[in-house]
Amino acid sequence: MSSKTILQKLAVLAHAAKYDASCASSGTVKRDSVGSKGIGSTEGMGICHSYAPDGRCISLLKILLTNFCVYDCRFCINRASSNVERARFSPQEVVTLTLDFYKRNYIEGLFLSSGIIRSEDYTMEQLVEVARILREEHRFQGYIHLKTIAGADPALVALAGLYADRLSTNVELPTEAGLESFAPEKKPATIRKTMASVRVGAEDAMEAAKGRLIGKAKPPRFAPAGQSTQMIVGADAARDDDILATADNLYSGYHLRRVYYSAYSPIPDASSALPPVRPPLMREHRLYQADWLLRFYGFARSEIMEGASGGMLDLSIDPKLAWALMKRDIFPVDINRAPRELLLRVPGLGTRAVDRIVAVRRTGKLRLGDLAKLTASVKKVLPFIVTLDWRPGKLTDSADLRARFAPPAEQLALAL
Amino acid sequence: MLSTPGDFAEWRGVARALLAGGVAPEDVSWRGAEEGASLFGDQAPVSSGAAVSLPRELLTMADRVICHRDPQVPARLYRLVWRAARERQLLARTTDADVDWLRKTDKAIRRDVHKMHAFVRFRRLGEEEGRESFAAWFEPDHRILRLTAPFFQRRFYGMDWAIVTPDARAIWEDEELSYGPGGTRDEVPDSDVVEDQWRTYYGAIFNPARVKIDAMRAEMPKKYWKNLPEAQDIAPLLAGAGARVERMREMAVSAANPRTEKWRTRVADDLLLDDDLTSLDAVARAVGQCTRCPLHCNATQAVAGEGPAAARIMVIGEQPGDQEDLQGRPFVGPAGQVLNEALGEARLDRRRLFLTNAVKHFKFEPRGKRRLHQNPTAGEIDICRWWLDKERALVQPDLIVTLGASALRGVTGKSASIKSMRGAVHELAGGTKLVATIHPSFLLRLPDRERADEERAAFVADLACARKLAA
C-alpha cells in the first residue's frame with residue numbers, strides 16, 4: 001500500500017468527518033496567548049471563519065484521526081463494511097495541520113474524532129495525545145473539541161477533559177431500538193456511562209476548585225465548554241416526540257451544553273438498510289427550534305407536543321406558533337403588563353426582544369411603533385398581543401390564522 | 001474640524017470642550033479634514049467649564065460608532081452626548097430615534113469587527129530565528145482596524161504579523177503593536193503554501209446533499225469573497241453537487257467489505273450472559289444488562305449491591321439516585337452522606353455491611369438541568385426483586401435493615417407501613433431477622449429543625465439496635 005500525502009489524507013479524513021453537525025467554538029473560558037507567548041485565544045463567543053455552500057459554518061478544523069473503524073454502524077460512512085477509501089493521520093500530522101491553519105486565521109481550533117481502531121482505549125489515547133502535544137508542546141490556546149469514544153476508560157476521559165474545551169459522545173440514534181438495528185455493536189448504556197463520566201469529571205473539578213486554598217494555583221478546568229452530543233434524524237423510525245424525550249433526558253442527566261440534530265444525509269456507499277432520500281432539513285430545523293423552547297423558553301416537552309400531531313412537529317410553521325394556535329385562550333397578551341414568562345410564549349418574540357421589552361417598559365408604555373424597533377417580526381406578533389394602540393380583536397380567534405403564517409400550499413411533486 | 005476620521009480620542013477632546021462650553025448641537029458643524037476648511041474658519045467659541053459625566057455605556061458605544069464611515073457620525077454622536085448629559089435614562093429608551101440610530105450603527109460596527117476577526121487571512125512571509133511572520137490584506141466596511149488589532153494581538157502573540165487595510169495598517173513585531181498608513185493589496189503576497197490544504201479541506205467538508213446557498217451568503221456576503229482563498233471553489237463545488245448526489249443515489253447499495261467479519265465475533269462475546277450467577281460479581285455484570293422493565297432505557301446504569309459477600313448485615317435502600325446512577329455505586333449521593341453519618345453514630349462500619357437497593361435502576365422525571373426522583377411502582381419493585389433475591393441468596397445475612405417502604409416491599413413482597421413494622425424485630429423465612437426503618441432521604445426533606453433532629457435520633461437508634469442484634 002503506497003502511503004498517502006497529507007493532502008490526500010486531508011481530503012479523505014475531512015470528507016469522513018462532515019456528517020458530524022457540531023462545529024461550535026463557543027462557550028468556553030477566555031484565554032489568550034499573551035501570558036504563554038504561544039499561539040491562540042478563545043473569547044467566549046465562537047467565530048465562524050468560513051461557510052460552506054451547504055450553509056454550515058466552518059469554525060474548526062474538523063477531521064478524523066482515522067476512518068478505519070471496527071464498528072459497523074449502518075448509517076456511518078466509515079463503518080467496517082463500507083468500501084470507502086481509508087487513511088490515517090499520525091498525531092503529529094494533525095498538530096502541524098492545526099497550527100498551520102490556525103496561524104493563518106482559517107480556524108478557531110480543532111474538532112477531532114476518530115474511527116475506532118484496535119480498542120476504544122487505544123483510540124481515545126491517540127485523540128488525547130494530539131491535544132496534549134498541542135497544549136503542552138506548542139502552548140496552543142485555541143479551541144479543542146475531542147470526541148470521547150464510548151466505552152473508553154474513565155481515566156482517559158478525565159485526561160481528555162484537562163486538555164479539551166469540549167467533549168462529546170454521540171448517541172447516534174434517538175431510540176434504543178434504532179441503535180440496536182442500525183448500530184448493533186454500540187450499546188446505549190455504554191454511551192450514557194461515558195457521558196456520566198464526563199459530568200462526574202466536571203463536577204469533581206468544580207469541587208476541587210471550591211476547596212482550594214487562597215493563593216494556591218488554580219486547579220485545571222475540566223472541559224469548560226461542557227459536553228455535547230449528536231443524534232441522526234430521519235434514518236430510523238423515531239418520531240420527534242421520541243427524539244425530544246431523549247434530548248430532555250440527556251440534558252437533565254449529563255448536563256449537556258447542546259444536543260445536535262443531524263438530518264440523515266445520504267452517504268456514498270450506503271448500506272441497503274437506509275433511505276436514499278434527501279436529508280429532512282426542515283425537520284432538523286424544527287427540532288432545533290423545539291430544543292430552544294425546552295432550554296430557553298420554559299416549555300415542557302409535553303407542551304411543545306400539544307402543537308404537534310402524531311408525535312411529529314408541524315413542518316410548515318414553527319413549534320411555538322403551532323403551540324400558540326392551540327392555546328388561543330391565553331392570548332392576546334398585554335405587552336405592557338404581562339410577566340416575562342408569558343411574553344416568552346408569544347410567537348415572534350425571542351428572548352432578546354423580551355428582555356428589551358421588559359427593560360424599556362420601565363421608562364414608559366409601548367406602542368406598536370415602539371415594538372417595531374425592538375423586534376423584527378411585528379407582523380407575526382400582531383394576532384397575539386395588545387399594546388396601547390393595538391388590539392387584535394377577532395384576529396386572535398380567526399379560523400384562518402394558521403393559513404396566514406403557513407407557506408402557500410405547493411403542488412406535490414409526483415413520483416414517476 | 002477633525003483631522004483623522006475614526007479617531008475617538010480626537011472627537012472626544014473636541015466634544016468634551018463643546019459640552020463644557022454649553023454649545024448646543026445645532027450650533028456645531030463637524031467636518032473631516034478632507035472636506036476642507038469652512039468659509040468662516042473653525043474657531044468655535046469654546047470655553048472650558050466643569051467636566052460632564054456620561055454613562056460609560058455611551059462612551060464605549062461612541063468609541064466604536066466613531067469608526068463608521070457616514071460623515072454625519074461625529075455630529076449625531078455629539079447630539080447624543082448633549083442629550084444624555086441632560087436626560088438621565090436616555091440610553092434605556094431604545095425607542096427614541098437617536099438611541100435607535102446609535103444602537104443600530106453600533107451593531108453595524110460590531111458586525112464589521114466580527115467579520116474582520118473571522119475573514120482576515122494571513123499569508124506567510126518567512127521565518128527568522130524561529131519566529132514566523134505573516135501579513136494580511138483586508139478591506140473592512142468601516143475604519144475598524146484600531147478596534148480589531150488587540151484581538152489579533154491576544155491571539156497571535158507568538159508570531160509577527162501585519163494587517164494592511166486601505167485606511168491604515170497594524171503591525172505586531174517584537175511584541176509591540178504599532179499603526180501606520182493605509183496600503184494596497186500588492187504589499188501582501190498573493191498566495192500561501194498551505195492554501196491548497198485549506199481549499200482541499202473546504203471542498204471535503206461540504207456536503208453536496210444539503211446545498212443552502214442563501215444561508216451561506218447571509219453570513220459570508222460576496223463582498224468578502226475576494227479576500228478568501230476558498231471562495232474561488234464555491235462555484236465549482238455548487239456546479240458539481242447535483243451530479244455527486246445523483247451518483248450516490250445510483251450506487252446506493254454496495255457489497256459489504258469483508259473486513260466486517262473479524263469484529264462480529266467480539267460483539268458476540270460481549271453479549272454472552274453468565275447463566276449461573278454464583279458470585280456477586282456475576283450478578284453485578286448480569287444486572288448491568290437487565291431489560292426486565294423499561295427503567296433501563298433512561299438510567300445510565302444498573303447499580304448492583306456493594307460489600308463483602310460474608311457481610312452479616314444487609315442494608316437495603318429504595319433505588320439509586322442521581323449520583324448513584326452516574327457513579328454506579330449505591331449510597332454515594334446526599335442520602336448516602338446522611339446514612340454514612342448515622343452509621344458512624346450507631347458505630348456500624350460501612351465497609352462490613354452489604355449495601356444495596358430494592359430497585360437497581362434510577363427512576364426520574366427530567367426537569368431542565370435536573371432529574372427529579374420518582375418512587376418506583378410496586379410492579380417495578382416486584383420485577384426487580386429477582387435481583388435482590390440473588391444478592392440475598394449469595395450474602396445470606398443474619399440481619400436485613402430495610403430503609404423506607406420500597407425496600408420493605410422488596411424484601412417482604414407486601415406493602416406494609418413502616419410505622420407498623422418499626423421498633424420490633426421480625427423474622428423472615430429461613431430465620432433472617434428484619435429491622436425496618438425510614439429511608440435517610442426522608443430526613444433531608446424535613447423542613448422543621450426540631451422534628452428532623454427527633455427523626456434522625458430515632459433512625460440512629462434503629463441502626464444501633466441492628467448492630468446489637470447482629471452481634
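Q: Where in chain A does Lys37(A) lie?
A: This is a predicted model, to start with. Lys37(A) sits in the loop between helix H1 (6–15) and strand E1 (50–51) of chain A.

Q: What is the phi of Lys37(A)?
A: Positive, about 60°, although Lys37(A) is not a glycine.

Q: Switch to chain B. What about phi of Arg347(B)?
A: Phi is near 55° there, a positive value in a residue other than glycine.

Q: Why does Arg347(B) count as exposed?
A: Its relative accessible area is 63%. Exposed means over 50%, so Arg347(B) qualifies.

Q: Back to chain A. Which peptide bond is cis?
A: The one from Phe331(A) to Pro332(A), with omega near 0°. Pro332(A) is in the loop between helix H10 (319–326) and strand E9 (333–334) of chain A.

Q: Now Val94(A). Buried or exposed?
A: Buried, at 0% relative accessibility. Val94(A) belongs to helix H2 (residues 91–103) of chain A.

Q: How far is Val94(A) from Ala80(A)?
A: Their C-alpha atoms are separated by 23 Å. Along the chain, the two are 14 residues apart.

Q: Give me chain B overall. How many helices and strands?
A: Chain B has 17 helices and twelve strands.

Q: What radius of gyration does chain B have?
A: 38 Å. A compact globule of 471 residues would have a value near 23 Å.

Q: And the spans along the principal axes?
A: About 110 × 70 × 50 Å for the C-alpha trace of chain B.

Q: What share of chain B is buried?
A: Of its 471 residues, 48% count as buried.

Q: Last topic, surface charge. Which residues form the negative patch?
A: Asp448(B), Glu450(B), Asp453(B) and Glu454(B) form it.

Q: Where does Asp453(B) lie?
A: In helix H17 (residues 449–470) of chain B.

Notes:
Residues numbered from 1 in each chain as written. Chains lettered and ligands numbered in written order. Predicted model: local features only at pLDDT ≥ 70, side-chain atom pairs only at ≥ 80, totals over all residues. Heavy atoms only, no water. Patch = residues over 30% accessible without salt bridge, like charges linked within 9 Å, V, L, I, M, F, W, Y side chains within 5 Å. Areas by Shrake-Rupley, 256 points an atom, 1.4 Å probe, with all protein chains shown as cover. Salt bridge = Lys/Arg side-chain N within 4 Å of Asp/Glu carboxyl O. Lys, Arg positive; Asp, Glu negative; His and termini not counted. Charge placed at Lys NZ, Arg CZ, Asp CG, Glu CD. Helix = DSSP H or I, 4+ residues; strand = E, 2+ residues; numbered from the N terminus. Rg over C-alpha atoms; globule rule 2.2 N^0.38 Å. Buried < 20%, exposed > 50% of the residue type's maximum accessible area, 1.4 Å probe, protein only.
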